[in-house]
Structures are given as structure tokens and as C-alpha cells.
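Biologist: I am new to this one. Please show it to me, and then I will ask my questions.

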Amino acid sequence: MKIRVKWLWIAVAAFFLVSAHWGVAPPPASAQKRVTIKGGQIRGAFNRWTSAWAIFLTKEIKGVQVSSESSTGSPENVRAVDSGSVEMGLVFASDLYQSYRGQGQFKKPHKNIRVLTYLFGSVGHFLAPASSGFKKLEDIKGKVVSMGGPGSGSAKNLTMLLKHMGLWGKFKPVYLGRKSPAALRNGKIAAYNWHPGLGNAMIRDTASMMKIRFIDMNEPAKKTGFYKKFPFFGTMTIPAGLYPNVNVDTKTFGTGSIMTANKNLSADLVYNILKLIYSKKGKDYLLSAAGKVTKQMTKGNAFNFVTVPLHPGAARFWKEQGKTVPSELMP
């Protein structure tokens, strides 16, 4: 047995020596076998998208295992993708813009993150009981308000607006995440903030259990020059009838949700991922898993709110789709 093992090792060594001598490469080390996509809080919008893709892409890409991982939200995802601890992640356009430039809460530029595509609008929903005196954003003074989940992009977005308006420090922020609806119904908070896609299930459930009103966040944003200072935000509308018993349009502010990858992820793999998720089969699967908000993920919207270069695999895909890639978005 020892002699056989000895000769086996001699044969292996000889193979590599001959390969090196004749310029024949040995079999490649394993290609990308596992891909992790960071989503958001459990049962949140980001997680529905990433969970659906994990199942779909694992079935469709031979030899690659795709998994979805929950997180506290967009800022965590930016840092994880940039560091390479995960391969892909969903982020807010606001975090993408600031992280790439080392602004806001991001103390240094995050230059290893690249864009695949815009996904959907992340719309600021700030809701209070319809019976309360909370009617405009300035009414936040002296109240207890849930900003979203701890460390979430939802909390960060509203914090930016309130600081810009000079309202920070004039109320008590708490970070209850998905516990916010129960706290609102029990009177423990005066309002809560959430920045999902339109038609969010948690907000719909809240509106089914109690009468609510949405607070206009667009007017103070426009009036104070918020959009000029932070160009990754813009005006959005929560339409009448979208949520139970809310029968008026409400202007608000929002940003985009973007699919990102580490710059070192295989360009061929990124290209194939985009080809699959934009196929009819991929779009139908996502629609069944994440709902009508997925219809915002169109080829026409691909560069909405995008302020960071595309991944090389994405640039190849979009050029093949006939889209002109702006020079500032080229890898």
C-alpha cells in the first residue's frame, strides 16, 4: 500500500512538471461556486427579491450555488459588497452615491462596488394615526417616532432629511423595525417611517388594522433645497387607494434600489445573471415571488439613480440590449 501511494505522488508530481515544461496548464482551481446576495430585514422587500433570485439562479446556472443573506439594510450591504465578504447586494442609490465618494456615514470611499441594474423605487412612507394631530413633518417635535430598523437605509434616509430641516434632536427617535406597526397601534410611538417599494405588505397590514395618514415629505424637501444638496433623492407619490382607507394622493420623497456586485466578481457570471433575471422566465418568477413592484425593473429604467460605474459584465449586457452607457458609468 505504501509503495502504491508513493508511486501515485510521483505520477502527480510528474504531471505538473511536464505541464509546466510544455506550457500546458493544470486543471483550473474551482471557478466561482458560491454567490451570496445580501438583502435586508427578514420579510422585508429586499429579502423577497434576493430570496427569489437565490432559488431561481441556483436552478438556472449549472454548478453555482446562490444564497440570500439577511442584513440590517442598505449601509451594511454596501460595506459587505465593497469588502468582498459577499459577492452581491441590494442597496439604496443614496448609500451607493455617498459610499463611493466617502460621504455621510461612510468615512472613506468604497471603490470596489459596481452596479448591475436599477430595481425599483424606494418610497418614503411616513405614517401616523388618522385621528392624531400629526399632519405635517414639522409636527414631529416632542414626539417618539420609529425611524425604521437599526442601521437601515430607511432610517438613514429620513435622518438626512430631518437633519437638513433642523429637526434632529427635537424628537425622540427609536428603531423598532418590523415592530413599528404594533407600537403605533398601542400608542407607544406617534408615527413610523419605512422606505420600501409601493404597496408594501407591512404598511398595508397597518392600514387594514387602523386608519392612518401619510405625511407629505416632498414639500419640506423641496422648500429646504434637500433635492439640490442630495441629487440621489427625488419626488415620488403614494397614490390614493393603494393602501386601505387612504383615499388621497400623498407626495413624498424617495430614491432607487440598486443591484450591486463586487468589482472582482466574474464578468461572465454577472452577464449571465442579468441575462437570466431579465428573461421572461426570470421576470415571471420574480413577479410571483415579490409582487407587482417588480414591474419597475425594466430595461428602460436600468440606469435610474445610478451614479457609480457599471460592472464590466453589466456593461456588456446593456450594450447588447442596445442601451448607450453614459461615459461616467463605464467600468
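**A first tour**

Modeller: This is a predicted model. The protein has 12 helices and 11 strands. Its C-alpha atoms fill a box of roughly 85 × 45 × 40 Å along the principal axes.

Biologist: What is the mean pLDDT of the protein?

Modeller: Of its residues, 90% reach 70 or more. Residues 1-30 are below 50, and beyond near neighbours in sequence this stretch has 4 contacts in the model. For the protein, the mean pLDDT is 90.

Biologist: What share of the 331 residues is buried?

Modeller: Buried means under 20% relative accessible area. Counted that way, the share of the 331 residues is 50%.

Biologist: How many positive and negative side chains are there, and how far apart are the centres of the two sets?

Modeller: There are 47 positive and 16 negative side chains. The centres of the two sets lie apart by 4 Å.

Biologist: Is T159 buried or exposed?

Modeller: T159 sits in helix α5, residues 153-165. Leaving out residues up to four places away in sequence, it touches M147 and W168. Its relative accessibility is 13%, and the cut-off is under 20%, so T159 counts as buried.

Biologist: Which residues of helix α12 are buried?

Modeller: Helix α12 covers residues 312-320. What covers its buried residues includes β4 (113-123) and α10 (267-277). Just after α12, G322 takes a positive phi of about 85°. The buried residues of α12 are G313, A314, A315, F317 and W318.

Biologist: What kind of aromatic pair do F46 and F120 form?

Modeller: The structure holds 22 aromatic pairs. In the pair of F46 and F120, the rings are 6.2 Å apart, centre to centre, with 75° between the planes. Planes over 60 degrees apart set the class. The pair is therefore edge-to-face.

Biologist: Why does that pair tie together parts that are apart in sequence, and how many residues apart are they?

Modeller: Both F46 and F120 are buried. F46 lies in helix α2 (residues 45-60) and F120 in strand β4, so the pair joins two separate elements. In sequence, these parts are apart by 74 residues.

Biologist: Which residues do ring pairs link into a cluster?

Modeller: Rings pair if their centres lie within 6.5 Å. Such pairs link Y97, F226, Y227, F230, F232, F233 and F253.

Biologist: Among contacts between residues at least 6 apart in sequence, what percentage joins residues at least 24 apart?

Modeller: A contact means heavy atoms within 4.5 Å. Among those between residues at least 6 apart, the part that joins residues at least 24 apart is 72%.

Notes. Residues numbered from 1 in each chain as written. Predicted model: local features only at pLDDT ≥ 70, side-chain atom pairs only at ≥ 80, totals over all residues. Heavy atoms only, no water. Helix = DSSP H or I, 4+ residues; strand = E, 2+ residues; numbered from the N terminus. Buried < 20%, exposed > 50% of the residue type's maximum accessible area, 1.4 Å probe, protein only. Lys, Arg positive; Asp, Glu negative; His and termini not counted. Charge placed at Lys NZ, Arg CZ, Asp CG, Glu CD. pLDDT = per-residue confidence, 0-100. Phe/Tyr/Trp six-rings, centres within 6.5 Å; stacked < 30°, edge-to-face > 60°.
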